[in-house]
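This briefing is meant for someone meeting the structure for the first time. Please look over the sequence and the 3D view before reading on.

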Amino acid sequence: MMGNEKLEKQLLWLMIIVLTAFFTSASVSVWASRNVAESEHEQAMGHARLEALNSLMLAFTEAETGQRGYLLTGNPAYLQPYYAAVSTANAQFMRFRDVFTGPDGLSAYNRLALLKEKKLSELAQTISLRAEHGLESAMLVVNSNTGESYMAEIREEIDLLARKEQERQVGLVKESTRNVAIFQTSVTLFLLLLALAVLSLVTLVRHDTQTKKQLLQRLSHEASHDQLTNLPNRNLYVEMLNYSIPFAQRYQRLLGIFFIDLDGFKQVNDQFGHDAGDMLLKEASRRMREAARESDVVARIGGDEFLVLATNLAKVEDIEAIARHMLACFEEPLLRHLQQVRVGASIGIAVYPRDGLRAAELIKAADIAMYEAKMQGKNGYAFHRRDEMKGGGAQRLASDQERPGA
Ligand SMILES: Nc1nc2c(ncn2[C@@H]2O[C@H](COP(=O)(O)OP(=O)(O)OP(=O)(O)O)[C@@H](O)[C@H]2O)c(=O)[nH]1
C-alpha cells in the first residue's frame, strides 16, 4: 500500500513537471510564431521603404533631366517628362509618409520635404527664367550650383536612409531565422511533452484502476475469510455448501458436513497465553486443510470451531474415514515448542441428503452431533441422528484415544 502511494506521488509529480514544461513550450511556440509573423511584416515594410526611396530618387533625377533638356533646347516637349517627374516626386512623398513611421521616419520625412521644396522651386525658377528671359538668365541660376547642392543633399539623405534600412533588413532576417528555429524546437518539444503527458496520465489511471481492483479483491477476500487462519469463514462455507447441494442431488452423491470443536483449547490460552492459542489454531487449521481433499472446504467459523465440507461421496463409510483423518491431525503435538500441550477435537457429522436438504439444517444437525460427541467423552466423532433434533442422543462411533482436553 505504501509502495502504491509512493508510485502515485511520483506519477503525480511527473505529470505536474510534464504539464508545466508542456505549457512553457506551448507559450514559447506562440511567442516565437508571433515574432516570426512580426518580423515578416517588418521585412515587407522594409522593402516598401527601399522602393519608395528608389522611386523618389528616380523622380528627382527625371525632373532634373527634363529641366536640363528644356533649358538647353527651349523645346517645350522636355517639359512633359519634367512635369510627370514632379508629380511622381510629390506622390512618392505621400507614400514615404505611410512607410516611414515613428519619430525617426517623421524627422527623415521633414528633412527630405524641405529639400524637395527647395529643389523643385529651383527647377521651377530656372524653367520660368528660360521661358521669360532666355537661356542666359536661366543658366545664371544653374551655374550658381544651388540646384546641384540640393540634389547632392537629397541623394545623401536618401542613400543614408537606404543604408540604414538595408542594415535593419539584415538584422530582421537573422532574427527571423532564429525565431523560426525556436518555433520548430518548441513545437517538437511540445509534441514530445504532450505524448509524455498522455502516457503518464494513462499510467496513472491504469495504476489507480489496478489499486482499486486490488483493494476490492482484498476486501472481498477479507469479507469471506478468517483473518487468523486465512480459511474461508462461515459465509463462504454456506455459499459453497449451497453450491454443492444441487450437484450432489443431480449426481446422487453424498455430502459430509463436519462440525469440529477443539477439546481443551481454553486451557491452552489460560496456561500459555493468547498468542500460543493463536499459533495452535493456525497449526490445527493447516493440518486439517492438508488432511482434506483439494475439493473439500475447511472453514473456521469462530473461536475453536471449524466446519468441513466433503463432497462427491458414495457411501457413509467414506465420510467416517474423513472424520478419522481429521482426528488424526491432533495426534501429534500442535506446538513444537510446547510438546506438553495436547488438544483433541470433537466432530459432529451430518450427511446430505439423509440429515437435511438445506445448508442451515445440515449445519445445525452437525452442530448437535458435535455436542453429542463432546458428551460421549470428547476427542471423537458422532453422526447426527434424526431423533437428536428432537432431543435424542447421538451415537458415538469412534476414537477412544484419550486427550488431556478430553
Ligand atoms: N487464542 C485464541 N483464543 C480464542 C480465539 N477465539 C476464541 N478463543 C478462545 O477459545 C476458547 C474456546 O472456548 P471453549 O470451546 O469453551 O474451550 P474448550 O477448552 O475447548 O472447551 P471444550 O470445547 O468444552 O473442550 C475461549 O476461551 C475463547 O476465548 C482466538 O482467535 N484466539
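The model is predicted. Helix 5, which covers residues 146-224, is made up of 79 residues, and helix 3, covering residues 102-133, approaches helix 5 until their axes are within 9 Å.

**Helix 5**
- From its first C-alpha to its last, helix 5 reaches 114 Å, which is close to the 117 Å expected at 1.5 Å a residue.
- The buried residues of helix 5 are Gly147, Tyr150, Met151, Ile154, Leu161, Asn179, Ser186, Phe190, Leu193 and Ser200.

**Packing of helix 3 and helix 5**
- The axes of helix 3 and helix 5 cross at roughly 155°, and because angles over 145 degrees count as roughly antiparallel, the two helices are roughly antiparallel to each other.
- The crossing in which helix 3 passes helix 5 is left-handed.
- On the side of helix 3, the contact is made by Ala108, Arg111, Leu112, Leu115, Lys118, Lys119, Glu122 and Leu123, while helix 5 contributes Thr146, Gly147, Tyr150, Met151, Glu153, Ile154, Glu157 and Leu161.
- Sorted by class, this contact of helix 3 with helix 5 has 8 nonpolar, 2 polar and 6 charged residues.

**Asp98**
- Asp98 belongs to helix 2, which covers residues 79-99, and Asp98 is exposed, since 12 other C-beta atoms lie within 10 Å and a residue with 12 or fewer counts as exposed.
- Although Asp98 and Arg49 are 49 residues apart along the chain, their C-alpha atoms are separated by 9.1 Å.

Note on methods: Residues are numbered from 1 along each chain as its sequence is written. This is a predicted model: local features need pLDDT of at least 70, side-chain atom pairs count only at pLDDT 80 or more; totals for chains, interfaces and linings use all residues. Helices (H or I, at least four residues) and strands (E, at least two) are DSSP runs, numbered from the N terminus. The expected span of a helix is 1.5 Å times one less than its number of residues. A residue is buried if 20 or more other C-beta atoms lie within 10 Å of its own, exposed if 12 or fewer, and partly exposed in between; C-beta atoms are placed from the backbone. Axes are lines fitted to C-alpha atoms, for helices over the stretch in contact, and angles run from 0 to 180 degrees between N-to-C directions. Angles under 35 degrees count as roughly parallel, over 145 as roughly antiparallel, 65 to 115 as roughly perpendicular and the rest as oblique. A crossing is left-handed if the near helix is turned anticlockwise from the far one by less than a right angle, and right-handed if clockwise. Two residues are in contact if their C-beta atoms, placed from the backbone, lie within 7 Å. Ala, Val, Leu, Ile, Met, Phe, Trp, Tyr, Cys and Pro count as nonpolar, Asp, Glu, Lys and Arg as charged, and the others, Gly among them, as polar.
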